[in-house]
Amino acid sequence: MTTSEVGRWERDGRAVRAIAGDLTVQETDAVVNAANERLAHGGGVAAALAKAGGPAVQAESDGWVADHGPVGPGEAAVTTAGDMPARMLVHVVGPRYRERQDNEGLLRQAVRAALDAAAERGATSVAMPAISAGIFGYPPEEAATVIGRASVGWLNEHAGPVSEIRLVGLDEESARLFSAALEE
């Protein structure tokens with residue numbers, strides 16, 4: 001699968017890019033995983049990342065949960081990326097979409113936790129999927145808008161080291177949802 005840019009927001013040499021491609025092959029310092037609380041990578045994006053990274057990803061994830069307990073809202077767990085080109089995986093838990101809940105606030109919190117954790121570990125580039133838009137039921141267009149705005153906002157508020165955030169959709173349609181959010 002080729003990777004193609006379908007949109008971009010840029011300021012002062014820092015960018016948020018909407019990318020159509022495979023998250024597991026992004027050559028970035030950090031890749032964000034849309035995880036569950038127990039870091040059991042059994043389905044969706046998490047399973048794809050665990051498969052691409054090899055057994056070390058699940059082993060370190062299990063160790064993280066054994067040491068710290070389940071990953072909570074606003075928290076990030078960082079593990080090896082294993083066999084992937086990235087240096088690290090940053091696991092965050094987005095909201096399970098529900099009526100009468102601050103879905104947007106919880107998703108923004110997950111994005112910020114991921115970017116904070118990557119920056120604390122010296123990452124200059126981060127690739128991120130549509131957190132919560134899979135089995136957690138967040139409507140994809142709404143999730144892309146929240147993630148895109150939160151990423152731009154985070155870059156505007158932080159001086160460094162992160163200078164590139166890639167919002168990665170598996171196909172052109174998903175990537176265009178991120179692109180639309182960057183154009184607002």
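Colleague: How many of the 5 residues of strand E4 (residues 76-80) are buried?
Modeller: Happy to start there: this is a predicted model, in which local features need pLDDT of at least 70 and side-chain atom pairs count only at pLDDT 80 or more, while totals for chains, interfaces and linings use all residues. Numbering starts from 1 along each chain as its sequence is written, and side-chain values use heavy atoms, leaving out hydrogens and water. Helices (H or I, at least four residues) and strands (E, at least two) are DSSP runs numbered from the N terminus, and buried means under 20% relative accessible area, exposed over 50% and partly exposed in between, with a 1.4 Å probe and protein chains only. Strand E4 is mostly covered, and its buried residues number 4 of 5.

Colleague: Which residue in E5 is the bridge partner of Ala77?
Modeller: Two strands pair if DSSP finds at least two bridges between them. E4 and strand E5 (residues 88-92) run antiparallel and are joined by 5 bridges. In E5, the partner of Ala77 is His91.

Colleague: How many residues of E7 are buried?
Modeller: In a regular strand the side chains alternate between the two faces of the sheet. Here both faces of E7 are covered: Glu164, Arg166 and Val168 are buried on one side, and Ile165, Leu167 and Gly169 are buried on the other. E7 is therefore largely enclosed by the rest of the structure, with a buried count of 6 of 6.

Colleague: Which residue in E7 does Met128 stand opposite?
Modeller: E7 pairs with E2 in the parallel sense over 6 bridges, and there Ala20 stands opposite Gly169. Strand E6 (residues 125-128) also runs parallel to E7, joined by 4 bridges. The E7 residue opposite Met128 is Leu167.

Colleague: Stepping back to the whole chain, what is its radius of gyration?
Modeller: The chain has 5 helices and 7 strands, which run β-β-β-α-α-β-β-α-β-α-β-α from the N terminus on. The radius of gyration is taken over C-alpha atoms, and the globule rule is 2.2 Å times the number of residues to the power 0.38. That rule gives 16 Å for 184 residues, and the chain comes close to it, so it is as compact as a globular protein of that length, with a radius of gyration of 15 Å.

Colleague: What share of the contacts with a separation of 6 or more comes from residues 24 or more positions apart?
Modeller: Contact means heavy atoms within 4.5 Å. For context, buried residues make up 52% of the 184 residues in the chain. The share of those contacts from residues 24 or more positions apart is 67%.

Colleague: What is the volume of the largest pocket?
Modeller: Rolling a probe the size of a water molecule over the atoms shows where empty space is left. On a 1 Å grid over the protein atoms alone, a cavity is a set of points where a 1.4 Å probe fits but cannot get out, whereas a pocket is an open set with protein on both sides within 12 Å along at least five of seven lines, and lining residues have an atom within 4 Å of a point. Grid points are joined across faces, edges and corners, and a volume is the space filled by probe spheres set on the points. For the largest pocket it is about 680 Å³.

Colleague: Which residues of its lining are closest to the centre of the largest pocket?
Modeller: Helix H1 (44-53), helix H4 (140-157), strand E7 (164-169) and helix H5 (172-183) each supply at least two lining residues. Of the 32 residues that line this pocket, the closest to its centre are Gly44, Val45, Pro129, Ala130 and Gly134.

Colleague: Is Val45 buried or partly exposed?
Modeller: Val45 has its place in helix H1. It touches Leu23, Asn33, Ala34 and Pro129, not counting residues up to four places away in sequence. At 33% relative accessibility, Val45 counts as partly exposed.

Colleague: What is the phi of Leu39 near?
Modeller: Most residues other than glycine have a negative phi, and most peptide bonds are trans. Leu39 lies in the loop between strand E3 (30-34) and H1, and at 0% relative accessibility it counts as buried. Its phi is a positive value in a residue other than glycine, near 55°.

Colleague: Which residue does a cis peptide bond join to Gly160?
Modeller: The residue in question is found in the loop between H4 and E7. The bond has an omega of about 5°, and the partner of Gly160 is Pro161.
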